[in-house]
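Here is a short briefing on a multi-chain model. The points are grouped by topic after a few lead sentences.

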Amino acid sequence: MNTSKTPVKLTPLHSAAQRLGATFIEQRGWRIPQVYTTLEDEVVAAQERLTLADETSNGKLLLEGDQAESVLMDTFDLGSLKINEGHDGIYRLRSDLFFISTPPGREISIRKKLTTASAASEQFVTITEVTHGRAEIRVIGPHSQELLSKVCGLDFHPSAFPNETAKQSSLAKTTQLIIRCDIGELPAFSIIGVQSLGPYVWDTMMEAGTEFGVVPIGRAALAALGEE
Amino acid sequence: MRTEQDALTTTSNRLHPKQGEVIDRSTTIRFTFDGVEYTAHPGDTVASALTAAGVKVLSRSFKYHRPRGLLCCSGHCPNCLVQIGDEPNVRACTRPVEPGMEVRAQNVWPSLNRDLLSLTQLGSRFMPVGFYYKTFIRPQKLWPLYEHTLRHAAGLGEVDIDTPLGEFDKQYLHTDVVIVGGGPAGISAALSAAETGAQVLLFEENPALGGHLRFTVPLESSSTTKASKDLPELLEAVDRQPNITVFTDTSVLGWYQDNWLCAVKGARLFKIRTKSVVVATGAYETPLIFDNNDLPGVMLGSAVQRLVHLFGVLPGGQVVIVTANEDGWDVAADLQSLGVNVAAIVDEREPSACASPYREGLTNAGVPVFYRHTILEALGSNEVRGAKIARLDGQGEISLATAQSLQCDLIVTSMGWTPATELAYMAGGKSEYHEDRAEILPVSTPPGIYVVGRAAGTHAVNSQISEAQRAGSNAAAFVGFGEFDESTAYSSGVLEPRRTSERVCVPGKKKQFVCYCEDVTDEDVETAIAEGYDSIELLKRYSTISMGPCQGAMCSMNTIHLCARANDWTVQETGTTTARPPTTPVTLGALAGQNMEPVQTTPIHQWHLDHGADMMVAGLWLRPNHYGDPAAEATSVRERVGLIDVSPLGKLQLTGPGVPELLERIYTNQWDNLRVGRVRYGVMCNDEGVVLNDGVCAHVNDETWYMTTTSTGATTIFEWLQWWLQSGWGEGIHLTDLTDTYSAFNLAGPQSRTVLEKLTERNLANKAFPYMRLRSAKIAGVSCRLLRIGFTGELSYEVHCPSGYALHVWEALMDAGREFDIAPFGVEAQRILRLEKAHIIVGQDTDAMSDPLSANMAWAVKLDKPDFLGKPSLMRISAEGPKQLLVGFKMVEPNVVPDEGLQIVESEADGQLKIVGWITSSRFSPTLEEAIGLCWLPPDIASQNGASFTIRMDGHLAEARVHHGAFYDPDGERLRM
Amino acid sequence: MLLLTCPNCGDRNVSEFRFGGELSSRPKDPSALSDAEWANYLYMRNNVMDAQTEWWHHNVGCGLWFLAERHTRTNEVIKTYPYVKRET
C-alpha cells in the first residue's frame, strides 16, 4: 500500500486564494490561507472597509427530526430557539432542522455527543456532517451590509437581521445560508452554500465589493480580530 | 454660420455669474462635438455648453431627418440625443461635460448640417403613418434587402459591438417610505414622513434637490417668493434628518406589485422594496403643435429657465413668448430682466384673464403684448428666424387676415402642464380629466400610494408644501409611524388658476409634430384615426406615438386632445394609454447588472485546467469534455485504466425506517429486499410513466441509504423527493443532499482493481467485493465509499470521498495508476463507452414523452409491485403496446456517423418521405471501429435485429441496421471480472 | 415583485419560490381508477378565476413545500400555510 502523502483537506476556495497570493498554514488537517498581504493591512481593511475570509474549515452539522430540539437541549445548555434564531453556533432553520457551526475540528466531538444523546432518547433524529459540502465565506467590515445588498434581496438592516440570525435566501442567484455573526462591534456575516458554487460566490462578491476596496484576509487577521 | 475658430472663442451666450448656477467658472474644460472643439465649465451639460457656444442644431429627427434643437432641457424629449464615444442615445441636456469627451450627432448622413437623408421629407407622402405596417411587406423575399436599407436609414445611434463590457451593477434597498421627486413637494413629504421615525428614501432625477425652485425667479411679487427663499432651509432640514436617504441623478422607472420599485442611477439599478410611496414627480411642460414647431429655437419656458438659471446660458437674443398662463409671463420677466429683447408676448387669453404680477412692469417697459393671439408658424430654415402670429376671433378660431411676422431667434411656449403621474397609475391609481384645469389628474390611489404637487395638479408652492406634508405623514402612518391625517382626498388644486390650455394644436399647412421621437405629425394622427385606429391605445400602437424615448412625456396629452377632437369625443371619453415601465429609457447594461451566472466547479477543477482539459457546460457545471483525444481516452479505459471526475452526480442521503417503502414508491423496480452493502440500479418515473431520472442507490447501514442521480437532474430530483416527503410520504424519512459533501471519481478499466489495491488495505477481490456492492474503505488514508458499478462497461469502482480530500484522492489514484498508463477521461469518452454498452442517458436518449417500457428498460420495471409512481400509466402502455422503441443501430457504411437528432424516414407510395423515427445518440466507436448509435423506431422495425432503415442525412439518405443488445461485451462479463 | 410569505422564513420575493400547481392529491388506490379517472388526475385542472389553493416551494430558501391561497385574477395572496397531512 502506498500512502506516501499525508492527506490534506483543501477548501473550494483554495485555487482562488493561490491566485490572490495567499500563504497557507495547516490547521486541523485543512490547508487554509494564513495571510494574503500583511497582517496589519488585513486587520485595518476589516475594521475600516470590507474583507472576505475563507472559513470553510469550520465544522458544519445538520440535525433533523421532530425531536431535534429536545436532543439539542439535552446535549447543550440551550434555551428554545425560534426559527432563524441562533445561539452559540446553533441555528434553527426550520422547526425540525438545526444547523450547527463549530470551530474547525470540533464537529467530531459534537457529533459524537449528539449521536449518543439521540440514541439515548430513542427518537428519530438524523445527524449529518456537511463540513466538506459547504463553502463558508465570512464577510467582515463596515461595508458588509452594502456588499450584501448588491447580491441578495434580503433586508440586512440590524432591525430586520439582528446578530445571530440565520436565513436561507438567494445570493447572487444561488441558494445560501446567511448568518449574521458580528465580531464585537464589527459587522460580519457568514455565507454558507454548496462548495461547488463557492468559487463563483467568492468571485462575485469580490467583484461587487471593489467599490468598497474589498480584500481577502487570512487566519492571522481573523485571530487578531478576535476570531479563533 | 459660425466657423470652427469662432466656437472656441465665442462665449457671448454666457450670462454674468448669478446665484444658484451650477457651473464652476474658474475652470474651463474642452470637448468636441462632431469633431469641432468647444469649451465648457465643470457643471455644464453637453447641451448647455453647446448652447453657450451658439450651437442650435443638436440632432436630426428619426424619420424625416429634420434638424432638431433643445426643447425641454430636462432629459425628457428626444431632441438632444447624441452619441458620446461608444454610448448612443445620450441626452445632451442632462449629461455633464467631461474633459475630452467626444460627442457626435446621431442619425445624420453625411453630417449634421447637411443631412442628405432629410430629402426624405420631400417624399414624405411615401412615409405615411403606419409606414412599417404598410410598406416593405411584399414581396417577402425582398425583406432582407428592405431590412438592410431600413437599418441604415432608421434607428438612432451606433452600437459598437466591440465595446468592452461596462461595469453595471444592482442594489436592493428596503425602506418604509419612498418619495419619488425631490422638488418642494417631495422634500416636504420626506421631512414629514421622516419626523415620525419612518425610514425614507428620496429619489430625484436631477443632480440636486429643489425641483422647479432651482430655476424659477424669486422676484418680489412672485407667488413663489416665500418658498424659494425657503429652499435652502428645506435642503438643510433634509441634511439634518438622519431618517432620509437622498438619491439624486436617479430615475424611478417603474412600480411593480407589492410596492417594488425599480430605479436607475447611472450604471446602477436599484430594486426597492417599500411599504408606501409618495409620488411627487411634478409635471412635464406640454409643447404646442403649430407649423414647423420642431424648428431649433422653439423651446419650452421651463427649458429656458433651466438654461438661464442653472447654467447662465441665454439661448437667444430676441424672443417671442407664446403662452396661456402666468408661467409664460414669468419667463418673459426673467428674460427681460437679463437684457433680452422680448419681441412679443403672445397670450391666447383675454387681457382680463391675465393675473401675472409682471404684467404691469413688462407693459410699462414697452414689451409688445398680443392678447387673444397665438402662433401660426415658426419661420426659418435650419433655426428660428421669426414667428408668424395671428389673432383669435370670438369663437377662438384663427383669423388668418390678421397674420403678421415678428423677427426673433427664440420662440418660447408656455402653454400648460402634463402631470407626471405614470407611477401612480402603474400602482393602480385612477384619474379624471378636469375640464376647468385641462389636466388629467389623479382622483384615487390604492392604499399606501400618495400623489402630491404638480403631479396632483397643485402648482402653488405653498399649497404643494402643505399637501405634501399631509401625504408624508400619511405615508408614514400607513407603515405604522404616527397618526393619519384624515384630509387625504385629492383636491387637484381646484382653488388655483388654470395653468393649462386646451388649445394644443394650431391648424396650419406645414409639418406640425405631435411626437418628436417618432416624427408623427398631426396629419398622421388624423390619418390613423380615419383608417380606423381611433381608440387611444390603438392609435398609440399604430402611429408609435409615445413609444419613443420620451415615453409620452411630450406627446401623450396632445395626442389625447387630437384623438378626442377627431372622434368628437370628450377627453374623459378618450381616456389615456396604460402606464407601463420604464418611465424613462434605461440602458440594457443597467438592466443586466453585474454578470451573475452561477457556475459549479468540482474540487479538482484547477487540476483539470492544468492538465489541458477542454471544459464543457453541463447544467451549471463545468466538466472536462476531454483532455485532447476522447477516442484515445476511451481506449485507455477498454484496454488499461482511466479515471473520470463524476463529482457532479447527485448524491442524496435517505435515513429512517420509512425509506424502503419510499424507494418502492419512487422507483419502478423492487427495493424492499436490498440488503446492506448492496447497490441497485433504478429508474424513476412520474405518474404519466415518463422517465425522470436514473441512477443507483446503495443500502449503507440499517437506516441509511445513499442514492445517486444524474448530474443535471440532481436538483430536480431533490425537489421532487422533497415534494413527496412533505406532501404525505415523509413519515420516518429524512432526506439530505450530499452532492457537494462527497466528490466522486470513477476508476474504470481492467487494471482498476490493481490500481486501487495499491491505495487500500481493503480486500478488493471479486469475491469479497463483487459487482453492485458498496464498501467503505480508506483510500490513500481517506475514508471513502466505494461503489462497484459500471456505466462504462468495464470493471470499475466509483470512489466517493469527502470533498476536502478530493485532490488528494484523485492525485493518489493518478499516481497509483501511472505504471499502468492511466488516463484521465472526460464526458466525451464516457459517452462513447456507455454507447458501446447501449446504456441510455436520461434526457439525451429519452424526452418528456419517453416511458421505460419503450426506452428498452422494461427489465427495470416491476409491474407486479403494489404501486409506484407511474405504474397506472405504465400498465396502460404495457397493455396497448409501445408506439416507438428505443433501440441500437449500426451504419451500413461503418465510417458514416449520422448527427444526433436526424430523422429516420420511410418512402411512401407517392415518393414522399415520411418521418418514422429519430437518432438520439451516435458516435464512432474506437473499440468496434464503426459508427453506432441509439434511435427511436416503430416497434415493427425495432423488434427485428438487423432490420434496415433509412436516415435522412444532409442532402442524401443513409442506411442503418437495428442492433439488439450492447455493441460491446453483450453479456457484461467485463463488469464482473 | 410579488411578496410571498413562506410559513417558515417569512416574506420573501416570489423569485425565491417555485410554483407547484393547484392543490391536488394522488388517488389513494390508483389501480381502482378507470382510464378517464386516471387521465383526469394526470391532466385536468380546475383553473378557476377565483381564490385558489396551490402548492409553492421555497426552493431558493428552506426547501419547504407549502400551500397558498391566491386569487388568480388579482394575484392577491390571501394566506399561506404549511401542509398538514390529514389522517384518514
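How many helices and strands does the secondary structure of chain C come to? Chain C has one helix and six strands, where helices (DSSP H or I, at least four residues) and strands (DSSP E, at least two) are runs numbered from the N terminus. The model is predicted: local features need pLDDT of at least 70 and side-chain atom pairs count only at pLDDT 80 or more, while totals for chains, interfaces and linings use all residues. Residues are numbered from 1 along each chain as its sequence is written, chains are lettered from A and ligands numbered from 1 in the order in which they are written, and side-chain values use heavy atoms, with hydrogens and water left out.

**Chain C**
- The order of elements along the sequence of chain C is β-β-β-α-β-β-β.
- The C-alpha trace of chain C spans about 40 × 30 × 20 Å along its principal axes.
- Of the 88 residues in chain C, 41% are buried (under 20% relative accessible area, with exposed over 50% and partly exposed in between; 1.4 Å probe, protein chains only).
- Contacts (heavy atoms within 4.5 Å) between residues of chain C at least 6 apart in sequence join residues at least 24 apart in 47% of cases.
- Chain C exposes about 5,000 Å², with 49% supplied by carbon and sulfur atoms (Shrake-Rupley method, 1.4 Å probe).

**Domains of chain A**
- Chain A is divided into domain 1 (9-57 + 133-225) and domain 2 (59-131), with bounds from an automatic or database domain assignment.
- The contact takes 17 residues from domain 1 of chain A and 16 residues from domain 2 of chain A.
- The centres of these two domains of chain A, taken over C-alpha atoms, are 24 Å apart.
- Domain 1 and domain 2 of chain A bury about 1,400 Å² between them, 54% of it from carbon and sulfur atoms; buried area is the accessible area (1.4 Å probe) that two parts lose on being put together, summed over both.
- On the domain 1 side of chain A, A:R134, A:E164 and A:A166 supply 35% of the area buried against domain 2, more than any other three residues.

**Chain A with chain C**
- In this pairing, 12 residues of chain A are in contact with nine residues of chain C.
- About 790 Å² is buried between chain A and chain C, 44% of it on carbon and sulfur atoms.

**Helix α24 of chain B**
- B:K871, B:P872, B:S873 and B:L874 are buried in helix α24 (residues 871-880) of chain B.
- The cover over the buried residues of α24(B) includes β35 (679-685) of chain B and α1 (35-43) of chain C.
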